[in-house]
Amino acid sequence: MAPDPWLPLYDAACQTAQEVAERIQERNRCQRNGESSAKLNVVIRASLQNLREKIDQLKDSLLRAVSTHQITQLEGDRRQNLVDDLLTRQKQLQASYKNEGPEPDVIRSSLMTGGVKRGVTNPWLLEESEETRGLGFDELRQQQQRIIEEQDAGLDALSSIISRQKQMGQEIGNELDEQNEIIDDLTNLVENTDEKLRNQTRHVKMVDKKSTSCGSRCGRSTQAAVLADQPVSLTLEPMLAVLENLRGGGG
């Protein structure tokens with residue numbers, strides 16, 4: 001897909017307006033100091049003409065893009081607002097060049113904030129900060145580059161912190177996995193030991209039961225053996241006494 005030529009043309013027009021504003025300020029300083037400003041007036045006049053041509057090109061290109069549906073209506077409206085703001089700025093610069101209006105403010109604020117924002121009626125009139133006041137175009141670009149580099153360095157540091165935290169999280173996860181494996185092994189060992197203990201308990205109860213039953217039978221057998229070993233006379237004497245008493249009573 002071919003790149004959109006409208007945006008580079010718009011950036012070029014913004015840069016031209018920036019340069020015109022700087023040269024008008026420089027011309028005014030020369031006039032206040034009593035120095036010649038003829039060359040600067042020639043350069044400013046040519047730059048204003050160049051700016052006007054760029055704005056006309058932007059308007060024609062935008063009209064073709066909208067009519068051929070190369071861009072959406074919403075994007076067309078956004079670009080039209082940018083063209084209107086740029087046209088307003090061109091008229092203000094033209095009035096300042098003719099000493100018919102106030103001295104233009106250099107659009108350093110738009111450079112430091114990354115360009116014109118939608119919704120701002122006239123972004124060219126944003127107040128310039130103290131830290132950028134008096135800086136030239138190249139100095140502003142360098143300062144903007146430094147800011148971008150500082151932001152990149154901050155993002156790199158943040159990325160490094162996030163990477164370390166991710167690594168720590170992975171190490172903690174691995175440690176938890178190992179601890180879970182140890183717990184599983186201990187659980188299995190406890191279950192096996194408990195099963196063995198139950199088996200041994202049942203075995204002891206069975207041995208105790210058999211021992212008790214055997215003791216009872218052995219006692220009764222011993223008593224019978226003792227009785228069997230007694231003389232027969234010990235068992236017959238009571239019977240003989242009974243018979244004698246019966247005989248005596250009969251006589």
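**Helix packing and a loop residue**

Modeller: H2 passes H3 in a left-handed crossing, where left-handed means that the near helix is turned anticlockwise from the far one by less than a right angle, and right-handed would be clockwise. Helices here are DSSP runs of H or I with at least four residues, numbered from the N terminus. This is a predicted model, in which local features need pLDDT of at least 70 and side-chain atom pairs count only at pLDDT 80 or more, while totals for chains, interfaces and linings use all residues. Residues are numbered from 1 along each chain as its sequence is written, and side-chain values use heavy atoms, with hydrogens and water left out.

Biologist: At what angle do H2 and H3 pack, and how far apart are their axes?
Modeller: Helix H2 (residues 38–67) and helix H3 (residues 73–97) pack at about 165°, with axes 10 Å apart; the axes are lines fitted to C-alpha atoms over the stretch in contact, and angles run from 0 to 180 degrees between N-to-C directions. The two helices are therefore roughly antiparallel, a label for angles over 145 degrees.

Biologist: Which residues of H2 and H3 meet?
Modeller: Among them are Ile44, Leu48, Leu51 and Ile55 in H2, and Val83, Leu86, Leu87 and Leu93 in H3, where contact means heavy atoms within 4.5 Å. By class, the contact of H2 with H3 has 12 nonpolar, 6 polar and 4 charged residues; Ala, Val, Leu, Ile, Met, Phe, Trp, Tyr, Cys and Pro count as nonpolar, Asp, Glu, Lys and Arg as charged, and the others, Gly among them, as polar.

Biologist: What do the buried residues of H2 pack against?
Modeller: They pack against helix H1 (6–32) and H3, and they include Leu40, Ser47, Lys54 and Ala65; buried means under 20% relative accessible area, exposed over 50%, and partly exposed in between, with a 1.4 Å probe and protein chains only.

Biologist: New topic: is Arg79 buried or exposed?
Modeller: Arg79, which lies in helix H3, counts as buried because its relative accessibility is 5%. Leaving aside neighbours within four places in sequence, Arg79 is in contact with Asp4, Trp6, Leu7, Leu62 and Ile71.

Biologist: And what follows H2?
Modeller: His69 follows H2, and this residue, in the loop between H2 and H3, has a positive phi of about 60° although it is not a glycine. Most residues other than glycine have a negative phi. His69 counts as exposed because its relative accessibility is 68%.

Notes
Angles under 35 degrees count as roughly parallel, over 145 as roughly antiparallel, 65 to 115 as roughly perpendicular and the rest as oblique.
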